[in-house]
Amino acid sequence: MKGLAMLRIGEIGWIEKDKPEIGSRDALVKPLALAPCTSDIHTVWEGAIGDRHNLILGHEALGVVDEVGSEVKDFKPGDRVIVPAITPDWDDEAAQRGFSSQTTGPLGGWKFSNFKDGVFGEYFHVNLADANLAHLPEGMSLEAAVMIPDMLSTGFMGAENSNIPMGGTVAVLGIGPVGLSAIAGAKLQGAGKIFAVGTRPKAIEVAKEYGATDIISYKEGPTDEQILEATSGKGVDSVIIAGGGPDIILDAVRTAKAGSIVSNINYFGSGETLPICREGWGFGMADKDFATGLCPGGRVRMERLADIVSYGRMDPGLMATHVFHGFDKIEEALLLMKEKPRDLIKPVVII
Ligand code: NDP
Ligand code: ZN
């Protein structure tokens with residue numbers, strides 16, 4: 001079978017591999033819709049998680065079940081499914097403690113395009129199919145549904161982890177598809193005022209649609225100063241970091257009020273350490289906490305997110321700005337994600 005792979009740091013290409021073999025509780029799935037992630041860009045072009053050789057990329061997919069193991073109960077060949085980006089080992093001790101994305105080790109629930117071939121292949125393997133697949137609701141648009149496995153799950157986690165008080169003020173730093181999903185999540189969690197920080201025009205339009213009340217351009221002055229000025233020096237109740245480089249942490253901490261949580265969902269792709277501002281952090285005593293997290297995976301999470309879409313709570317399809325048709329187009333879509341033209345939010349490939 002054919003797949004689009006990371007050949008080595010900085011290089012991608014099409015390769016041939018054997019079809020994956022499945023165990024008794026697993027499934028073999030063919031892609032139905034795919035999307036590249038900014039994380040694929042960090043992985044390939046920044047070498048963020050180290051070198052990988054001939055590893056098929058991609059972790060955002062809808063699929064059609066091709067084959068299931070003998071112990072799989074709820075899925076059969078031909079079923080259309082949502083495939084979570086994160087497919088934990090549900091019997092691992094980290095899952096039992098409530099941290100399923102970290103099973104088998106740090107970030108270990110992230111298998112596709114990390115240490116196992118990803119979804120940009122003609123077939124891909126899903127471990128523990130009954131726990132890691134969800135049925136794709138009948139009639140749901142593929143452009144919308146393909147945002148569920150990673151964009152909605154990650155963005156909403158950013159909002160969930162930031163402990164937003166009902167009516168609280170939230171700052172979302174970065175309005176790519178992850179930050180936009182965080183804005184939608186913050187609104188669903190009861191936020192009052194929502195600051196959205198970013199500059200791409202199409203993203204600004206969708207940010208407003210999803211609930212942003214104030215747009216801040218980080219190019220027109222320091223973000224922290226702009227938000228502090230707009231809040232009469234008080235700052236915000238919750239901050240979600242969804243873009244930028246290491247220094248964005250300084251903006252986040254300075255913008256946060258005492259008692260707030262800085263919820264990071266950004267993937268810092270390079271550098272040995274990350275900064276913190278001594279004064280903004282009250283010399284280490286400011287009652288400003290951090291939360292971090294890797295996108296939640298698994299079936300229940302996917303089913304709940306699908307309900308949010310099915311019941312019209314938000315429309316993730318608005319983020320699909322560039323829609324391609326045909327498996328071969330995944331390379332073009334990935335390169336577009338790398339280039340990030342001004343009118344892009346998220347490219348999607350319908351197979
Ligand atoms: P994008 O590159 O599409 O968006 C990044 C956003 O950050 C843009 O809006 C950009 O602004 C903004 N930005 C850049 N610099 C700054 C700055 N200095 N201050 C404020 N905003 C800034 O990324 P995605 O939305 O696709 O992904 C966001 C991050 O989330 C990535 O690092 C990705 O790898 C990570 N991620 C993490 C996951 C997890 O499990 N935790 C899962 C999936 C992704 P502009 O509008 O000007 O372009
Ligand atoms: Zn991702």
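## Rings, charges and a zinc site

Reader: Is F112 buried or exposed, and at what relative accessibility?

Author: This is a predicted model, in which local features need pLDDT of at least 70 and side-chain atom pairs count only at pLDDT 80 or more, while totals for chains, interfaces and linings use all residues. Residues are numbered from 1 along each chain as its sequence is written, chains are lettered from A and ligands numbered from 1 in the order in which they are written, and side-chain values use heavy atoms, with hydrogens and water left out. Buried means under 20% relative accessible area, exposed over 50% and partly exposed in between, with a 1.4 Å probe and protein chains only. F112 therefore counts as buried, at a relative accessibility of 0%.

Reader: How many residues apart are W14 and F327, which form an aromatic pair?

Author: Rings of Phe, Tyr and Trp (its six-membered ring) pair if their centres lie within 6.5 Å, with planes under 30 degrees apart counted as stacked, over 60 as edge-to-face and the rest as tilted; by this rule there are four aromatic pairs. One of them is W14 with F327, edge-to-face at 5.6 Å centre to centre and 65° between the planes.

Reader: What is the relative accessibility of F327, and which residue pairs with F112?

Author: F327 counts as buried at 11% relative accessibility. Elsewhere, F112 has a partner whose ring plane stands at 85° to its own, with centres 5.7 Å apart, so this pair is edge-to-face. The partner lies in strand β7, whereas F112 is in the loop between α2 and β7, so parts twelve residues apart in sequence are tied together; the partner is F124.

Reader: Over the ring of which residue does the charged end of K19 sit?

Author: A charge sits over a ring if NZ of Lys or CZ of Arg is within 6 Å of the ring centre and within 35 degrees of the ring normal. The charged end of K2 sits over W14 in this way, 4.9 Å from the ring centre. For K19 the distance is 4.5 Å, and the ring is that of Y123.

Reader: Which residues are the protein donors of the zinc ion (ligand 2)?

Author: Donors are N, O and S atoms within 2.8 Å of the metal (3.2 Å for Na, K and Ca), and sites may look incomplete since water is not among the atoms. Here the donors lie 1.8 to 2.3 Å from the zinc ion, and they are C37 (SG), H59 (NE2) and D150 (OD).

Key. Helix = DSSP H or I, 4+ residues; strand = E, 2+ residues; numbered from the N terminus.
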